[in-house]
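Welcome to my notebook. I jotted down what I looked up, one topic at a time.

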Amino acid sequence: MMAFLKLIRWSNLLMMVLTLVGAFYANLCQVPNPSKLVFFGILIVSIVSVAAGGYAINDYFDLRSDRKNKQEKIVVGKHIKKRWAIIIHWSFSLLALSLSAYLSYCLHSWLYLTVHLLAILLLWYYSTIVKRVLVLPNVIISFIIATLPLLVIHVMHDLFLPITHKTLLMFMSLFMFILNMAREIVKDVQDVEGDALRAIKTVPLVFGRRNAYLLSAAILLCLIPTYWWLK
């Protein structure tokens with residue numbers, strides 16, 4: 001069980017749930033009826049399922065580099081067989097697609113199914129092909145994370161719930177994109193030895209670790225103008 005929880009990064013999933021719930025309730029100006037809360041709960045489960053499946057497939061394809069970068073934290077191939085990582089990925093992905101299709105049907109918006117399908121495909125290509133393209137993997141992950149507050153806006157609109165702080169949610173989305181971009185580059189610095197084994201093009205491998213840290217700091221500085229935009 002602990003190996004499974006490590007594989008799907010339970011702590012990251014918990015933070016994702018708290019972010020979605022916090023964004024939802026911070027923008028409520030009235031108590032919704034239980035049926036609307038059920039739809040929001042389904043959205044949370046579907047989003048978490050996409051992320052869990054993405055973590056599983058990423059560990060499957062990153063096994064070679066993880067043996068170099070973080071051997072003590074390896075789950076796939078050590079505690080969970082590789083074929084089970086694939087099964088876990090597709091199980092969560094199918095669950096996410098089923099729930100998003102149900103949401104799209106009930107709320108008369110195919111955006112939910114489209115976004116979930118796109119996220120699943122992007123996470124697959126992120127783990128396989130895209131990692132060999134400079135910076136693009138960082139952008140993809142940051143973009144997927146940044147869509148979370150936007151999905152909250154959309155589901156509240158479809159549930160006919162007034163949004164009290166729409167601008168704040170949009171700022172939150174931009175903030176999450178910028179913050180995660182900087183974080184992904186720092187992670188690339190930490191994983192540089194294992195990434196070199198797979199010929200993955202990352203900022204520290206192409207431009208050096210020092211320049212990678214400088215780029216990460218420069219990206220974080222972009223938070224300053226976004227703060228003034230919020231004001």
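**Cysteines**

I searched the whole structure for disulfides (pairs of cysteine sulfur atoms within 2.5 Å) and found zero. I then looked at exposure, where buried means under 20% relative accessible area, exposed over 50%, and partly exposed in between (1.4 Å probe, protein chains only). C106 is partly exposed at 24% relative accessibility, and C222 is partly exposed too, at 39%.

**Ground rules**

I noted that this is a predicted model, where local features need pLDDT of at least 70, side-chain atom pairs count only at pLDDT 80 or more, and totals for chains, interfaces and linings use all residues. Residues are numbered from 1 along each chain as its sequence is written, and side-chain values use heavy atoms, with hydrogens and water left out.

**Positive phi**

Most residues other than glycine have a negative phi. R9, not a glycine, has a positive phi of about 55°. I placed R9 in the loop between α1 (2-7) and α2 (10-26); helices here are DSSP runs (H or I, at least four residues), numbered from the N terminus. V135 also has a positive phi, about 70°, and lies in the loop between α6 (111-127) and α7 (136-158). V135 is partly exposed, at 28% relative accessibility.

**Helix α6**

Which residues of α6 are buried? I listed Y112, H116, A119, I120, L123, Y126 and S127. Seen down the axis of α6, these buried residues fall within an arc of 130° (taken from the directions from the helix axis to the C-beta atoms), so they line one face of the helix. Their cover includes α3 (34-61), α5 (82-107), α7 and α8 (166-190), with contact meaning heavy atoms within 4.5 Å.

Technical notes
Helices (H or I, at least four residues) and strands (E, at least two) are DSSP runs, numbered from the N terminus.
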